[in-house]
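My notes are set down below in the order in which I made them.

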Amino acid sequence: MGGYIAKRIGQALLVILLAYTAVFLAVQALPNDPVTIFLSADSSADPATIAQMKAYYGYDQPLIIQYLNQLGGLFTGDLGYSLSSGSAVSTRIGEVIGSTLILAGSAFALAIVLAVLLTAAASLSRNNTVRKALLNLPPLMISIPVFWLGLVLLQILAVQLGVMSLFPDGSLLALAVPIIVLAIHLSAPIAQVLIKSVQEVNRQPFVDVLRAKGASESWIFYRHTLKNAAPSALSIAGITVGTLLAGSVITETVFARAGLGQLVLQAVTVQDIPLVQGLVLLTAAAFTVVNLLVDLIHPKLDPRIITAHAGSPRALVV
């Protein structure tokens, strides 16, 4: 188990390093350095001012020095300084990340619940028509754009019915509607994989044995099938973190919520490259950490993973 954990942590650190390297090279591929790009819209900025700012932010140093300095800062939480505000990128992110975490975390939890409920309803329904309709729901849900669903709900609830404000006002609906919009989109791929896994588990011989012993379908589903199907769904849930963060940005923009979405929009608008770079690295780190947690939880659900990792002959039998 210790070797498995060490390997997964090492892979996670490598992914973060590669993500940082890719972002750094992408910034270097721009026509000019971030300071020059940021000040390009300011006609009053003279070459001396630009050179002074480049020296202040370290963009006048050799690329390898910039790379190592920024890399060292990455592992100490120093993401550099925002050109638009002059404050630390980590400070700018810290000011708004709480709102995004509430939205994203709540939507993720609700998405898991929706996926499990949809899978249970589709698996336990005795009506073929209802079952087919439920099985077709995930593809429909994943095909609906987050921004479109958000705009439709705003039109109905805020404009036509007048039960919620167009802008956040601290009410329950102002928080619940964005969470539901994001959760519907997130739950679709999780439900698709979970339904497929449940169908595969139901074809296993032990399920036939349980049925022969008189166990009910609901008892089999909740006590055995769901547990055995969970690892596959857990993997796709970790992968959807990327979609979760992107969806949070879009949802916050549609519902005018303060958060990382507004910060990304502002950073891109004013061409604040260090801030954009910090947000991209934060997204990559969040995605990596969540998938690391998924890898560490997997052995608890399926101990055969550790056996296979160890490369023992028993893994071949399983």
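This is a predicted model: local features need pLDDT of at least 70, side-chain atom pairs count only at pLDDT 80 or more; totals for chains, interfaces and linings use all residues.

**Entry 1: α1 and α4**

I took helices as DSSP runs of H or I with at least four residues, numbered from the N terminus. I found that helix α1 (residues 2-28) packs on helix α4 (residues 63-74) at an angle of about 140°, their axes lying 11 Å apart; axes here are lines fitted to C-alpha atoms over the stretch in contact, and angles run from 0 to 180 degrees between N-to-C directions. That angle makes α1 oblique to α4, given that under 35 degrees counts as roughly parallel, over 145 as roughly antiparallel, 65 to 115 as roughly perpendicular and the rest as oblique. On the α1 side I listed Ile16, Leu17, Tyr20, Thr21, Phe24 and Gln28, and on the α4 side Leu63, Gln66, Tyr67, Gln70, Leu71 and Leu74, where contact means heavy atoms within 4.5 Å. Sorted by class, the contact of α1 with α4 has eight nonpolar, four polar and no charged residues; Ala, Val, Leu, Ile, Met, Phe, Trp, Tyr, Cys and Pro count as nonpolar, Asp, Glu, Lys and Arg as charged, and the others, Gly among them, as polar.

**Entry 2: α5**

I followed helix α5 (residues 89-124) through its 36 residues and noted a reach of 50 Å from first C-alpha to last, close to the 52 Å expected at 1.5 Å a residue, the expected span being 1.5 Å times one less than the number of residues.

**Entry 3: α9 and α11**

I then looked up helix α9 (residues 172-202) and helix α11 (residues 217-239), which pack at about 135° with axes 8 Å apart, and α9 and α11 are therefore oblique to each other. Their contact includes Pro189, Ile190 and Val193 of α9 and Phe221, Thr225 and Leu226 of α11. The residues of this contact divide into twelve nonpolar, five polar and no charged.

**Entry 4: α12 and α13**

Last, I found that the axes of helix α12 (residues 241-254) and helix α13 (residues 260-269) come within 7 Å and cross at roughly 85°, so α12 and α13 are roughly perpendicular to each other. Val249, Glu252 and Thr253 of α12 meet Leu260, Gly261 and Gln262 of α13, a contact with two nonpolar, three polar and one charged residues.

Methods: Residues are numbered from 1 along each chain as its sequence is written. Side-chain values use heavy atoms; hydrogens and water are left out. Helices (H or I, at least four residues) and strands (E, at least two) are DSSP runs, numbered from the N terminus.
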